[in-house]
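Dear colleague,

I am handing over the structure we spoke about, and I would be glad if you could look through it with the notes below at your side.

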Amino acid sequence: MWGGRAGALPRVWGLWPTGALGRRPLSCNAPSLAGSSSPQCWNCGGPGGPMREDGFFCPQCRALQPPDPTRDHFSLMDCKRSFNVDTAKLQHRYQQLQRLVHPDFFGQRSQTEKDFSEKHSTLVNDAYKTLLAPLSRGLYLLKLHGVEIPEGTDYKMDNQFLMEIMDINEKLAEAQSEAAINEFESIVRAKQKELTDNLSRAFEQGSKRRNPRQSSAHITHVQYSSSSPLSWLSE
């Protein structure tokens, strides 16, 4: 409800990388939710104040409230604002939130709550997909720090990296046998891991130095590889 090969070579990046009244509150005890406050309830007019532990409903009448436009994906998914994310925890959080706000649970509620439910569910889906994949997670993290890298950019792209990718592409084009294609699959897997590990270290160092911009060059390597003929990045 919620939720082979590209040409000759498989899309290997994808390997790295589902409520209403009466439902149990979230088990993660997210401080960003429990400690949040809301404006006056649209339904009962109750004053703002600490929300219930699930963070989405009025503490008095339990009406679903509108999404908070100030919350980022990391806050919504109860993740530390970091490149390294526990994807198992992320998936569990996604499932918890969808059990609370998915439109299927609001069929008998007011039109206002139905509309809010659609918006909440869309935001949860977007946050989950963004934080699940290393590339989109890294780009989003940079964006939060005021750094945006347009798709297809050559920003700080070094010649050695470009030559390495071109060499792999040329050899792939010449591959004829299944064994040769499988060999390149292993090469792509290893290269993708190397790029992501480098990006992870760059974000960690940038965090310590309070300079996330230093990750820009590394993320463009991953970004460029995703748009190359290798199709390393799955849709």
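What follows is an account of what was found, beginning with the chain as a whole and then moving to single places in it.

Please keep in mind throughout that this is a predicted model. The protein chain holds eight helices and zero strands, and from the N terminus on its elements run α-α-α-α-α-α-α-α. Of the 235 residues in the protein chain, 45% are buried. The accessible surface of the protein chain comes to about 12,900 Å², and carbon and sulfur atoms account for 48% of that surface.

At the start of α3, a side-chain oxygen of Asp-86 comes to within 3.1 Å of the backbone nitrogen of Ala-88. Which residues of α3 are buried? They are Leu-90, Arg-93, Tyr-94, Gln-96, Leu-97, Gln-98, Leu-100 and Val-101.

Helix α5, which runs over residues 134–144, includes Pro-134. With a relative accessible area of 6%, Pro-134 is buried, and Leu-135, which has its place in helix α5, is also buried with a relative accessible area of 6%. The buried residues in α5 are Pro-134, Leu-135, Arg-137, Gly-138, Tyr-140, Leu-141 and Leu-142. Just after α5, Gly-146 takes a positive phi of about 85°.

The aromatic rings deserve a paragraph of their own. The count comes to four aromatic pairs, and one of them is formed by Trp-42 and Phe-116, whose ring centres are 6.0 Å apart and whose planes stand at 80°, so that the pair is edge-to-face. This pair links distant parts of the chain, since Trp-42 is in the loop between α1 (31–34) and α2 (73–76) and Phe-116 is in helix α4 (residues 111–132), 74 residues apart. At 32% relative accessibility Trp-42 counts as partly exposed, whereas Phe-116, at 13% relative accessibility, counts as buried.

Next come the cysteines. A search of the whole structure finds zero disulfides. Cys-61 is in no disulfide, and the nearest cysteine sulfur, that of Cys-41, is 3.7 Å away; since a disulfide needs two cysteine sulfur atoms within 2.5 Å, that distance is over the cut-off. As for accessibility, Cys-61 counts as partly exposed at 27%, and Cys-79 is buried with a relative accessible area of 16%.

Two backbone angles remain to be mentioned. As background, most residues other than glycine have a negative phi. Which phi does Arg-62 have, positive or negative? Arg-62 has a positive phi of about 65° although it is not a glycine; Arg-62 lies in the loop between α1 and α2, and it is buried, with a relative accessible area of 13%. Asp-78 likewise is not a glycine and has a positive phi, of about 55°. Asp-78 is found in the loop between α2 and α3, and its relative accessible area of 14% means that it counts as buried.

With kind regards

Notes
Residues are numbered from 1 along each chain as its sequence is written. This is a predicted model: local features need pLDDT of at least 70, side-chain atom pairs count only at pLDDT 80 or more; totals for chains, interfaces and linings use all residues. Side-chain values use heavy atoms; hydrogens and water are left out. Buried means under 20% relative accessible area, exposed over 50%, partly exposed in between (1.4 Å probe, protein chains only). Helices (H or I, at least four residues) and strands (E, at least two) are DSSP runs, numbered from the N terminus. A polar contact is a pair of N or O atoms within 3.5 Å; within protein, one must be able to donate a hydrogen and the other to accept it, and residues adjacent in sequence count only if both atoms are side-chain atoms. Rings of Phe, Tyr and Trp (its six-membered ring) pair if their centres lie within 6.5 Å; planes under 30 degrees apart count as stacked, over 60 as edge-to-face and the rest as tilted. Accessible areas come from the Shrake-Rupley method with a 1.4 Å probe; for residues, only the protein chains shown count as cover.
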